[in-house]
Amino acid sequence: MEKAKIERINFLARQSRIRELTPEEKQEQTELRNEYRASFRRGLMSELDRVYIVDENGKEEKLIKDNKEK
């Protein structure tokens, strides 16, 4: 995710502590947060795709991906 978008998320979070956000700002905040979460999940899944479990015999097994999306 772009640095500018993360800064905007943080700005809106700070503003929400000071004052009530406008409906447009709330919508923007929700969209940015959802984009951030999706980006985080993609990065985490990419990292987990490279993880192997080593059993007691030294055999490497790839993690099994559960296709259940939440």
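**View 1. Helix 2 and its span.** Helix 2 takes in residues 23-48, and its end C-alpha atoms sit 37 Å apart. That agrees with expectation, because 26 residues at 1.5 Å a residue should span 38 Å (the expected span is 1.5 Å times one less than the number of residues). This is a predicted model, where local features need pLDDT of at least 70, side-chain atom pairs count only at pLDDT 80 or more, and totals for chains, interfaces and linings use all residues. Residues are numbered from 1 along each chain as its sequence is written, and side-chain values use heavy atoms, with hydrogens and water left out.

View 2. Which residues of helix 2 are buried? They are E25, Q29 and L32 (buried means under 20% relative accessible area, with a 1.4 Å probe and protein chains only). The buried residues of helix 2 pack against helix 1, residues 3-18 (contact means heavy atoms within 4.5 Å).

**View 3. The protein chain, end to end.** Along the sequence, the pattern reads α-α-β-β, giving two helices and two strands (DSSP runs, numbered from the N terminus: H or I of at least four residues for helices, E of at least two for strands). The C-alpha atoms fill a box of roughly 60 × 25 × 20 Å along the principal axes. Buried residues account for 11% of the 70 residues in the protein chain. Take the contacts between residues at least 6 apart in sequence: 26% of them join residues at least 24 apart.

Methods. Buried < 20%, exposed > 50% of the residue type's maximum accessible area, 1.4 Å probe, protein only.
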